[in-house]
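Keep the viewer open as you read.

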Amino acid sequence: MHEMSYVVKLVNLALKKCEDENIAKVRKLVCEIGEMTGILPEYMVKYYKSGVKDTMLKDSELECIMIPVSAHCESCGAEYTPVKEHDYLCPECGSGLARIVHGREFILKEIIAENE
């Protein structure tokens with residue numbers, strides 16, 4: 001249930017951004033969630049209504065976009081999706097030296113205002 005803490009963070013960030021940009025009514029929040037975060041979008045959506053209760057976001061909806069994991073091989077430079085079948089190694093050279101490029105994100109990507 002750690003998703004509720006992420007909902008609270010997302011709501012607070014959105015409320016601050018709405019205040020800064022003079023947005024009066026929000027139709028939808030769009031967030032990007034990396035697969036490595038362990039955050040489940042269905043729980044984010046489930047807890048969202050509780051998180052926005054009694055705020056200006058109460059009539060809005062939440063859309064979650066999952067970002068797949070991608071890695072950059074430090075040995076050969078290939079960018080790839082680590083998979084268990086290859087022991088998460090680079091499929092090009094077999095190296096285990098990689099840097100995660102995507103998959104750890106938790107981003108408020110967009111606030112869609114009612115008048116848009």
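## Ground rules

Two strands pair here if DSSP finds at least two bridges between them. Helices (H or I, at least four residues) and strands (E, at least two) are DSSP runs, numbered from the N terminus.

The model is predicted, so local features need pLDDT of at least 70 and side-chain atom pairs count only at pLDDT 80 or more, while totals for chains, interfaces and linings use all residues. Residues are numbered from 1 along each chain as its sequence is written, and side-chain values use heavy atoms, with hydrogens and water left out.

## The three-stranded sheet

Let us begin with an open sheet of three strands, ordered E4-E3-E5 and paired in the antiparallel sense. Its edge strands, E4 (79-80) and E5 (98-102), each pair on one side only.

Strand E3 (residues 70-73) is joined to E4 by two antiparallel bridges. Look for Ala-71, whose bridge partner in E4 is Tyr-80.

## The parallel pair and its crossover

Strands E1 (residues 26-34) and E2 (residues 61-67) run parallel and are joined by seven bridges. Here Cys-31 stands opposite Cys-64 in E2.

Together, E1, H2 and E2 form a right-handed β-α-β unit. Right-handed means that, with the strands pointing away from the viewer, the path from the first strand over the helix to the second runs clockwise.

## Aromatic pairs

How many aromatic pairs does a search of the whole structure find? The search finds two. Rings of Phe, Tyr and Trp (its six-membered ring) pair if their centres lie within 6.5 Å; planes under 30 degrees apart count as stacked, over 60 as edge-to-face and the rest as tilted.

Phe-106 has 25% relative accessibility and counts as partly exposed (buried is under 20% relative accessible area, exposed over 50%, partly exposed in between, with a 1.4 Å probe and protein chains only).

The rings of Tyr-43 and Tyr-47 are stacked, because their centres are 6.1 Å apart and their planes are at 15 degrees. These two residues are four apart in helix H2 (residues 41-52), which means about one helical turn separates them. Tyr-43 is partly exposed at 33%, whereas Tyr-47 is buried at 16%.

## A charge over a ring

Return to Tyr-6: Lys-9 lies over the face of its ring, at 4.8 Å from the ring centre. A charge sits over a ring if NZ of Lys or CZ of Arg is within 6 Å of the ring centre and within 35 degrees of the ring normal.
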